[in-house]
Amino acid sequence: MADASYPDDLRYHDQHDWARLDGDDPAVFGITWYAQDSLGEVVFFDPPEVGTAVDKDSSYAEVESVKAVSEVIAPMSGEIVEVNDGLADAPEKINEDPYGEGWLVRVKLSSPGEADALLGAEEYRKLLES
């Protein structure tokens, strides 16, 4: 398992998902350290298909752990342009490196302004404390 961390360069959704925004490139989505820790050992990632439209605050995938199956919530809206295929054979990467090799999807954003409604790292940490 990775150590608890919430990188400052990410934007966070209050449902424990993150988005990495890098200019005009597709955004990268994943689940936070808190989410993977709460789930426990991840054993399966059920991704959406490339080309699928996702809506902010809606479920777009499922992560299955030894404890439960959890929906993954989109922090922003757009179209799936890539799925992390490496998770099919190694879903534990979500636990080991949730912000690196454990990323879930890349998304071409349809409403980049939605980032303004997401939390910064400090705000997200405060949410977890409350």
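Thr32 is buried, with a relative accessible area of 0%, where buried means under 20% relative accessible area with a 1.4 Å probe and protein chains only. The model is predicted, so that local features need pLDDT of at least 70 and side-chain atom pairs count only at pLDDT 80 or more, while totals for chains, interfaces and linings use all residues. Residues are numbered from 1 along each chain as its sequence is written, and side-chain values use heavy atoms, with hydrogens and water left out.

**Surroundings of Thr32**
- Thr32 belongs to the loop between β3 and α1 (33-39), with helices (H or I, at least four residues) and strands (E, at least two) taken as DSSP runs numbered from the N terminus.
- Leaving aside residues up to four places away in sequence, Thr32 touches Tyr6, Tyr12, His16, Asp17, Trp18, Tyr99 and Tyr124, a contact being heavy atoms within 4.5 Å.

**Overall chain**
- The protein chain has three helices and nine strands, which follow one another from the N terminus as β-β-β-α-β-β-β-β-β-α-β-α.
- Buried residues account for 43% of the 130 residues, and among contacts with a separation of 6 or more, 63% link residues 24 or more positions apart.

**Sheet**
- An open sheet is formed by six strands in the order β1-β2-β3-β9-β8-β5 with antiparallel pairing, two strands being paired if DSSP finds at least two bridges between them.
- Its edge strands are β1 (11-13) and β5 (53-54), each of which pairs on one side only.
- Strand β3 (residues 27-31) is joined to strand β9 (residues 105-109) over three bridges, and Val28 has Arg106 in β9 as its bridge partner.
- β8 and β9 share five bridges, whereas two bridges connect β5 to β8 (residues 78-83).
- Gly78 in β8 stands opposite Val54, and Gly78 also stands opposite Leu109 in β9.

**Largest pocket**
- The largest pocket holds about 160 Å³ of space; on a 1 Å grid over the protein atoms alone, a pocket is an open set of points where a 1.4 Å probe fits, with protein on both sides within 12 Å along at least five of seven lines, and lining residues have an atom within 4 Å of a point.
- Its volume is the space filled by probe spheres set on the points, which are joined across faces, edges and corners.
- Leu21, Asp22, Asp24, Asp25, Val107, Lys108 and Leu109 are among the lining residues, and β9 gives the most to the lining, with three residues.
- By class the lining has six nonpolar, one polar and four charged residues, where Ala, Val, Leu, Ile, Met, Phe, Trp, Tyr, Cys and Pro count as nonpolar, Asp, Glu, Lys and Arg as charged, and the others, Gly among them, as polar.

Technical notes: Buried < 20%, exposed > 50% of the residue type's maximum accessible area, 1.4 Å probe, protein only.
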